[in-house]
Amino acid sequence: GKLAKIDKIEKFTKSEPGDKAFKKFCDSEDRCLFVYEHEGEMTGGGKAPTDRKKKGLVFVKDEASAPVAFEQLSKAVSVMEMHPETMNHLMSIAHDVYFPILTQPGNQEGWPDVIAKELTENLHKFLANAYVTIGHMAGQTLLPLPPDDVYSSMEKNQHDKDSVHVLETSVVAWTRQIKEVLHLDPETALKSGNHPGPQAEIEFWTNKAQNLNSIHDQLSSDKVRQVIKVLEVTKSTYFPAFNRLCKEVAQARMEANDNVVYLKAVEPFLNSLGNDAFADIGLVFKPLMHTILLLWKNSKFYNTPGRLVVMMREICNDLIRQAATFVSGEQLFEMEPQDAVDSLKVCLKVSVTFKSTYFDYKARASTECPSNPWRFQNSALFSRLDSFLERCHDVLDLMQTIVQFSKLEKIEVGGTKGKALTSSVQQIYTEFLTATTVFKNAPYDIMNVEHKQFDDDFYA
């Protein structure tokens, strides 16, 4: 165990790499030296490891950036343990070591009450922030509980003003945290400009459901119920609003969990969109749209325009990404012009098939769900896919033109004016090559609809 690790570190200090690392640390202006295990071997350097899975050591000079004599290491350098879970380690030390020492009455002798109280409050704030940060790092919302001594005071006197104030402060912090989760919206990912696929929708609802389930469990815990009870008994102005918020959490949790269940039915078809050969992807469209219609008919929550618009836009993003992988701008000029034409026709066929399948099921939704048909603007769903179709048509025109003009390369005209005509043909062919070079050497992918410069070059 620990002896083995000490042996490893001692062995490292006596090895050539270790000796070099320590000498560089002593002679340079580096403030820190990190010693840790990497691929089974001890190593050391001035930068902290990004993927450490085991504990290590960090040597820190007492005076910033000052070179240190090797013999003075033990006096001029502090040594600390480097834990792989830094925040949890910090929380444990702060809570179990520093907090008891600093709040021990014997250590506060001669302090004014105001200073002692302020120190304790600041320590509680630090611990609460560390706890919240640990939650953020794990993708969770952790609600920091009031200090233990407040619960003791409440048991003696529920109307103690100082204790009630601390509880209200906690409730204000919880409210802010909970509202952040409630306001999370799947459309945010689309607004970021990263053009996510439908997997982002599934991940969003899975994460939101886990987060709300965790919040619900915390709100149902004895300690939080105790806080809410005291606020109710003392007629706190914060009680009604927080009580309403708890009901909102219950409703939002029900929606998120319900959405996760129904989206599981769609997931296999969405996975197929990303895994199947692009030319065969059209076979997935009917079962996919059929399942989406069933989801719309049976789900309690995933049956509003806001939900379906996001899903459809993300499916379009996936199709565009797949098409751009199937035939990128760079590939177009590397393949035979006729092959490029055929590939572009496949892109157009797949995109048009998806749109026509959607319209078929939109008509079915009007018949099968007359009280809740698919009433949304086509532009809200297909604006990006339509831009891509337009780009495909433009590039197809370009490639078909290349197919036609490529025939001029070897044309020789006979007859009395043959030489002059051949020269004119060659001149036309040369001008044509110059024109296509703009697209061959373009600093952007001509199949990427985000690059609007293509339109300027194409219609110039």
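User: Which residues lie nearest the centre of the largest pocket, and how many line it?
Analyst: His124, Lys125, Pro146, Pro147 and Val166 lie nearest the centre, out of 36 lining residues. A pocket here is an open set of points on a 1 Å grid over the protein atoms alone, where a 1.4 Å probe fits, with protein on both sides within 12 Å along at least five of seven lines; lining residues have an atom within 4 Å of a point. This is a predicted model: local features need pLDDT of at least 70, side-chain atom pairs count only at pLDDT 80 or more, and totals for chains, interfaces and linings use all residues. Residues are numbered from 1 along each chain as its sequence is written, and side-chain values use heavy atoms, with hydrogens and water left out.

User: Which elements give two or more residues to that lining?
Analyst: Helix 4, helix 5 (113-137), helix 6 (148-156) and helix 7 (161-182) do. Helices (H or I, at least four residues) and strands (E, at least two) are DSSP runs, numbered from the N terminus. Helix 4 covers residues 86-103 and includes Tyr98.

User: What volume does the largest pocket have?
Analyst: About 1300 Å³, taken as the space filled by probe spheres set on the grid points, which are joined across faces, edges and corners.

User: Switching to strands. How do strand 1 and strand 2 pair?
Analyst: Strand 1 (residues 32-38) runs antiparallel to strand 2 (residues 41-45), over five bridges. Pairing takes at least two DSSP bridges between two strands. Tyr36 has Thr43 of strand 2 as its bridge partner, and His38 has Glu41.

User: What about the turn between strand 1 and strand 2?
Analyst: The two strands form a hairpin with two residues between them, and Glu39 in the turn has a positive phi of about 55°.

User: Where else is phi positive at a non-glycine residue?
Analyst: His195, at about 50°, is one of them; His195 sits in the loop between helix 8 (187-191) and helix 9 (199-219). Lys235 also has a positive phi, about 55°, and belongs to the loop joining helix 10 (222-233) and helix 11 (238-275). Most residues other than glycine have a negative phi.

User: Back to strand 1. How does strand 1 pair with strand 3?
Analyst: Also antiparallel, over four bridges. Val35 stands opposite Leu57 of strand 3.

User: How many salt bridges are there?
Analyst: Eleven, counting a side-chain nitrogen of Lys or Arg within 4 Å of a carboxyl oxygen of Asp or Glu. Among them, Glu81 meets Lys55 at 3.7 Å, N to O.

User: What does the Glu81 and Lys55 pair tie together?
Analyst: Glu81 is in strand 4 (residues 77-82) and Lys55 in the loop between strand 2 and strand 3 (56-61), so the pair ties together parts that are 26 residues apart in sequence.
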